Amino acid sequence: MRYEISEKGNSTVLQINEERFDAKLAAEFRAHVESIVSELSPHLVLDIGSVKFMDSSGLGAIMGVYKLLRDKRISVAQPQKPVQDLFKLTRMDRLIKTYDSVESALTETA
């Protein structure tokens with residue numbers, strides 16, 4: 001999994017630099033977040049702007065991280081239209097707020 005992590009105020013930004021978020025990436029993503037959970041800020045922003053395709057495995061991995069981070073907030077930034085549509089179709093956008101940009105995700109929670 002190609003990714004970058006940065007700290008911005010009280011938020012951790014995890015930028016996923018992959019075009020596909022599917023079964024191949026899902027297990028590695030979840031394992032990575034589990035390994036760094038103690039280092040995360042109170043708010044995790046998942047920057048998925050590079051992700052052009054997400055299947056149910058990717059969605060399940062994000063949901064697993066959502067449940068894992070019960071005491072933290074999680075947001076998704078920059079979803080491309082197919083991924084945004086998937087969030088709406090599955091109603092995950094009601095649990096995990098999506099934002100057009102990382103900056104708007106950070107601003108609204110500051």
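Here are some friendly notes on the strands, cores, aromatic pair and salt bridges of this structure.

1. A word on the source: this is a predicted model, so please read each point below as a description of a prediction.

2. Let's begin with the hairpin. Strand E1 (residues 3-8) and strand E2 run antiparallel and are joined by 6 bridges. The two strands form a hairpin with 2 residues between them. Gly9 sits in that turn and has a positive phi of about 65 degrees. At this end of the pairing, Lys8 stands opposite Ser11 in E2.

3. Val13 has Val45 in E4 as its bridge partner. How much of E2 (residues 11-16) is covered? The strand is mostly covered, with 5 of its 6 residues buried.

4. Next, the main core. The largest nonpolar core has 28 residues, and the ones with the most contacts inside it are Phe21, Phe29, Leu46, Met54 and Ile62. Several elements supply at least two residues each: strands E2, E4 and E6 (73-77), together with helices H1 (23-36), H2 (56-68) and H3 (81-89). As general background, nonpolar side chains tend to be buried together in soluble globular proteins.

5. Leaving out residues up to four places away in sequence, Met54 touches Phe21, Ile48, Leu59, Ile62, Val83, Leu86 and Phe87. Of these, Phe21 and Ile62 are also listed with Met54 among the residues with the most contacts inside the largest core.

6. There is another core, which lies apart from the largest one and has 7 residues. Val13, Val45, Ala77 and Ala105 are among them.

7. What about aromatic pairs? The structure holds 1. The pair is edge-to-face because the ring planes of Phe21 and Phe29 stand at 70 degrees, with the centres 5.1 Å apart. Both Phe21 and Phe29 are buried.

8. On charged pairs, the whole structure has 5 salt bridges; three of them are described here and in the next two points. Glu19 forms one with Lys52, and their closest N and O atoms are 3.8 Å apart. Why does this pair tie together parts that are 33 residues apart in sequence? Glu19 belongs to the loop between E2 and strand E3 (20-21), whereas Lys52 belongs to the loop between E4 and strand E5 (53-54). Glu19 is partly exposed at 46% relative accessible area, and Lys52 is partly exposed at 44%.

9. Arg20 and Asp22 also meet in a salt bridge, at 3.1 Å from N to O. Are its two residues buried or exposed, or in between? Arg20 counts as partly exposed, with 47% relative accessibility, whereas Asp22 counts as buried, with 13%.

10. The side chains of Glu34 and Arg30 meet at 3.0 Å, N to O. These residues are 4 apart in helix H1, so about one helical turn separates them. Glu34 is partly exposed, at 39% relative accessible area, and Arg30 is partly exposed as well, at 32%.

Terms used:
Residues numbered from 1 in each chain as written. Predicted model: local features only at pLDDT ≥ 70, side-chain atom pairs only at ≥ 80, totals over all residues. Heavy atoms only, no water. Phe/Tyr/Trp six-rings, centres within 6.5 Å; stacked < 30°, edge-to-face > 60°. Buried < 20%, exposed > 50% of the residue type's maximum accessible area, 1.4 Å probe, protein only. Pairing = 2+ DSSP bridges. Core = buried A, V, L, I, M, F, W, Y, C linked by side-chain atoms within 4.5 Å. Contact = heavy atoms within 4.5 Å. Salt bridge = Lys/Arg side-chain N within 4 Å of Asp/Glu carboxyl O.
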